[in-house]
Structures are given as C-alpha cells and as structure tokens.
Amino acid sequence: MSIQFERAEVSLKKQVIDSMRNAIIDGTFLPGQKLVERELCELFDVSRSLMREALQKLEAEALITIVPHRGPAVAEITLEEAKSIYAVRQALEALAGAGCAQHASEQDIAALEVSLQRVAACQGSADQKALVQAKNEFYRVLLKACGNPIVQEMLTGLNNRINSLRRFSMSQPGRLPHTVKELEAIIGAIRSRDAERASKLCAEHVGKAATIALRVMAEQKQQVSSA
C-alpha cells in the first residue's frame with residue numbers, strides 16, 4: 001500500500017495529517033483498523049515524534065482513538081452516533097440553506113453551480129475521492145455564503161465524521177443522480193431567494209442520505225452479528 005503526498009510549501013506535519021485524514025475518510029484505513037506507529041513512519045518516511053503529533057491531531061478530530069498500552073486505531077462510528085450526527089447535520093444544514101437564500105451573492109450562487117457540475121461529472125465513475133471532494137466544495141460554498149459563522153463553524157467541525165459516513169450513503173446504487181437533482185433544487189431555491197424552501201430542501205436531502213446510510217450500517221452490523 002502506498003499513499004501519495006507532496007513535500008511542498010505546507011509543513012510536513014500538515015501534509016501527513018491531511019494525507020492520513022483523507023485515507024481514513026476514503027476507506028484506505030478502515031474503521032477499527034489498528035495503526036502501527038512504526039509502519040506509519042515508514043509509510044510516510046517521517047520521524048516517530050512527528051507521527052505522534054499527527055495522531056494526536058487526528059484523535060482530537062475524533063477520527064482515531066488512542067488506547068493506553070494498545071496504541072492508535074481508526075475510530076468506529078456506532079449506529080447511535082451516526083443517528084445523532086445526522087440529526088445535528090440536518091438541523092444545521094437547514095439553517096445554512098435558509099441563510100444562503102438570504103445572503104448569497106450572485107458569485108456565491110455561480111460557485112454552487114460550478115461545484116454541482118463537478119458532482120454531476122462523477123456519475124458513472126468509481127472515483128469516490130473525486131465525489132467526496134466535489135461535495136465538500138459544494139458545502140464549503142454553501143456554508144461560507146450562509147451568513148451564520150456559528151453554523152459554519154459547527155458543520156465544518158463535523159465535516160470529517162460526515163465524510164466518513166458518506167461512503168455508506170454513496171454505496172446505494174443509483175443514488176448519485178438523485179443527489180444531483182436534490183442539489184439542483186436547493187440551488188434553485190437559493191437563486192429564487194426562497195429561504196423557507198431552501199431550508200426544507202436541505203433538510204430533506206440530509207434526511208434521505210441518513211436513511212440510506214443508517215440502513216447500510218444496520219445491515220452490516222446484522223451481518224457481523226450473524227457471522
């Protein structure tokens with residue numbers, strides 16, 4: 001296994017953290033997987049002290065757990081935790097949609113449309129990383145334009161765990177075309193300055209993703225219990 005990252009102007013520690021975060025989100029490192037410091041140091045060609053700092057940062061983001069005498073492992077999101085995350089996300093994104101309809105500039109709306117085109121371009125592709133990046137860009141613009149820095153801060157803080165759950169909702173065959181239509185409708189409501197409709201559509205979009213993700217998680221849990 002190899003993970004690509006560039007030694008550029010950004011600090012080496014940040015590059016390692018970003019690369020490991022992406023590896024967790026895209027499933028390169030699986031939930032529950034034990035992370036061996038020595039192997040990680042060899043994989044990224046960094047010192048043990050730098051790797052420990054990176055692991056501490058990822059623990060603070062709730063992406064890994066570090067158990068004394070057992071070491072780090074990729075965090076597992078339980079079904080109950082997932083339900084709570086989706087409930088919070090649904091409420092916050094409804095607020096973000098309403099705020100965006102009230103405050104977004106024409107430039108913001110144009111940026112939403114561009115990011116939606118990137119999401120739509122992922123149809124028929126198996127590149128889950130590109131899809132996650134495209135959806136992240138859509139939500140980055142939505143949150144930036146919503147006019148509520150607290151909503152933006154809270155959803156940004158949840159984003160890593162939301163991305164970890166997206167692989168469940170995106171696993172549903174045929175889901176992406178529906179996602180594109182839902183995001184198109186949200187942009188339409190924002191462009192029409194219909195805050196109530198934008199809020200409702202955002203909440204419905206999250207609700208549909210939650211239904212799929214929670215069902216897949218429950219099925220996987222049942223399979224493990226039956227094994």
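Helices (DSSP H or I runs of at least four residues) and strands (E runs of at least two) are numbered from the N terminus. The model is predicted: local features need pLDDT of at least 70, side-chain atom pairs count only at pLDDT 80 or more, and totals for chains, interfaces and linings use all residues. Residues are numbered from 1 along each chain as its sequence is written, and side-chain values use heavy atoms, with hydrogens and water left out.

**Figure 1. Fold of the chain.** Nine helices and two strands make up the secondary structure. Their order along the sequence is α-α-α-β-β-α-α-α-α-α-α. The radius of gyration (over C-alpha atoms) is set against the globule rule, 2.2 Å times the number of residues to the power 0.38. The chain has a value of 19 Å, close to the 17 Å that the rule gives for 227 residues, so it is as compact as a globular protein of that length. Along the principal axes, the C-alpha atoms fill a box of roughly 55 × 50 × 35 Å.

**Figure 2. Domain 1 against domain 2.** The domain assignment, automatic or from a database, gives domain 1 (12–74) and domain 2 (79–225). Their C-alpha centres lie 27 Å apart. Seven residues from domain 1 and seven residues from domain 2 take part in the contact (heavy atoms within 4.5 Å). Buried area is the accessible area (1.4 Å probe) lost on putting two parts together, summed over both. Here it is about 640 Å², with 58% from carbon and sulfur atoms. The side of domain 1 that touches domain 2 has four nonpolar, no polar and three charged residues. Ala, Val, Leu, Ile, Met, Phe, Trp, Tyr, Cys and Pro count as nonpolar, Asp, Glu, Lys and Arg as charged, and the others, Gly among them, as polar.

Figure 3. A salt bridge puts a side-chain nitrogen of Lys or Arg within 4 Å of a carboxyl oxygen of Asp or Glu. The structure holds 19. Between domain 1 and domain 2 the count is zero. D18 bridges to R21, with the closest N and O atoms 2.7 Å apart. Both lie in helix α1 (residues 12–25); being three residues apart, D18 and R21 are separated by about one helical turn.
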